[in-house]
Amino acid sequence: MAEVEVSKVFYCGICTFPPEYCEFGATFKKCKFWLEENNRQLFDQLYSDDALANATSSLSLEKQEKIDKDLQKKQAKEEAKQERELQKKLASKVVLKRIERTKRKHAIAISGLEVFEIDMKKLAKTFASKFATGCSVTKNAEKKEEIIVQGDVGDAVEEYISGLLKEKGLTDIKVEQIEEKKKKKAPPAIPPQ
Ligand SMILES: [Zn+2]
């Protein structure tokens with residue numbers, strides 16, 4: 001990808017707002033830490049004792065304490081939520097199930113993508129044109145969406161999805177291929193002797 005010219009306006013790397021607004025967001029603690037690491041000058045400008053004294057002098061102490069408390073609560077909640085989401089992602093894996101339709105025809109069912117904030121319909125379209133094949137989004141037995149790609153394209157799909165996860169910084173997610181044989185008819189039950 002071509003390098004984009006760096007904008008002169010400085011934005012917070014955590015919440016993406018200008019650092020002056022970080023304190024109103026739910027990730028303030030992280031924002032502050034990030035700014036200290038990445039723009040010491042602006043950090044001092046915003047959070048030195050003098051700057052804080054100026055900013056808070058117009059608020060009553062009581063009001064200030066309430067704001068601090070609310071903010072702490074919000075931050076703790078947001079941090080817990082982010083942690084939960086991360087754990088959920090790390091515990092998940094993408095499963096590519098190779099389904100035997102006939103002796104020579106196969107389809108690949110891709111499940112486990114929903115936690116990665118991937119647009120399933122868009123991805124199905126991408127696969128349809130990439131592999132010039134039929135592709136659909138359906139709900140599986142666990143009521144979760146999965147993408148069905150017609151054709152024996154498991155390896156290509158795995159490669160593409162691994163790339164997609166890497167783009168999102170999710171390099172630890174497993175992509176697993178499994179096989180589903182066509183169900184054979186049950187043999188006739190042997191009557192008890
Ligand atoms: Zn921020």
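Colleague: What percentage of the 193 residues of the protein count as buried?
Modeller: This is a predicted model, in which local features need pLDDT of at least 70 and side-chain atom pairs count only at pLDDT 80 or more, whereas totals for chains, interfaces and linings use all residues. Residues are numbered from 1 along each chain as its sequence is written. A residue is buried if 20 or more other C-beta atoms, placed from the backbone, lie within 10 Å of its own, exposed if 12 or fewer do, and partly exposed in between. Of the 193 residues of the protein, the share that counts as buried is 12%.

Colleague: In what order do the elements of the protein run from the N terminus on?
Modeller: The secondary structure comes to six helices and five strands, where helices (H or I, at least four residues) and strands (E, at least two) are DSSP runs numbered from the N terminus. Read from the N terminus on, the elements run α-α-α-α-β-β-α-β-β-α-β.

Colleague: How many other C-beta atoms lie within 10 Å of K30?
Modeller: K30 is found in helix α1, which covers residues 28-38, and its C-alpha is 9.7 Å from that of G13, a residue 17 positions away in sequence. K30 is classed as partly exposed because the number of other C-beta atoms within 10 Å is 19.

Colleague: Are α1 and α2 roughly parallel, roughly antiparallel, roughly perpendicular or oblique to each other?
Modeller: The axis of α1 comes within 6 Å of that of helix α2 (residues 40-47), and the two cross at roughly 130 degrees, with axes fitted to C-alpha atoms, for helices over the stretch in contact, and angles running from 0 to 180 degrees between N-to-C directions. Angles under 35 degrees count as roughly parallel, over 145 as roughly antiparallel, 65 to 115 as roughly perpendicular and the rest as oblique. The relation of α1 to α2 is therefore oblique.

Colleague: How far apart are the end C-alpha atoms of helix α4?
Modeller: The number of buried residues among the 31 of α4 is zero, so this helix lies largely in the open. Helix α4 (residues 61-91) should span 45 Å at 1.5 Å a residue, the expected span being 1.5 Å times one less than the number of residues. The distance between its end C-alpha atoms agrees with this, at 45 Å.

Colleague: Which strands stand at the edges of the sheet, and why is one side of each left without a neighbour?
Modeller: Five strands form an open sheet of mixed pairing in the order β3-β4-β2-β1-β5, two strands being paired if DSSP finds at least two bridges between them. Each edge strand has a single partner strand, so one side of it is left without a neighbour in the sheet, and these strands are β3 and β5.

Colleague: Which residue in β5 is the bridge partner of V95?
Modeller: Seven bridges join strand β1 (residues 93-100) to β5, and the two run parallel. Strand β5 (residues 174-180) is hardly covered, the count of buried residues among its seven residues being zero. Within β5, the bridge partner of V95 is E176.

Colleague: Which residue in β2 is the bridge partner of E100?
Modeller: Strands β1 and β2 run antiparallel and are joined by six bridges, and a hairpin connects them through five residues. The partner of E100 in β2 is H106.

Colleague: Which residue in the turn between β3 and β4 has a positive phi?
Modeller: Strand β3 (residues 135-139) runs antiparallel to β4, with five bridges joining them, and V137 stands opposite I147 in β4. The two strands form a hairpin with five residues between them, and the turn residue with a positive phi, of about 65 degrees, is K143.
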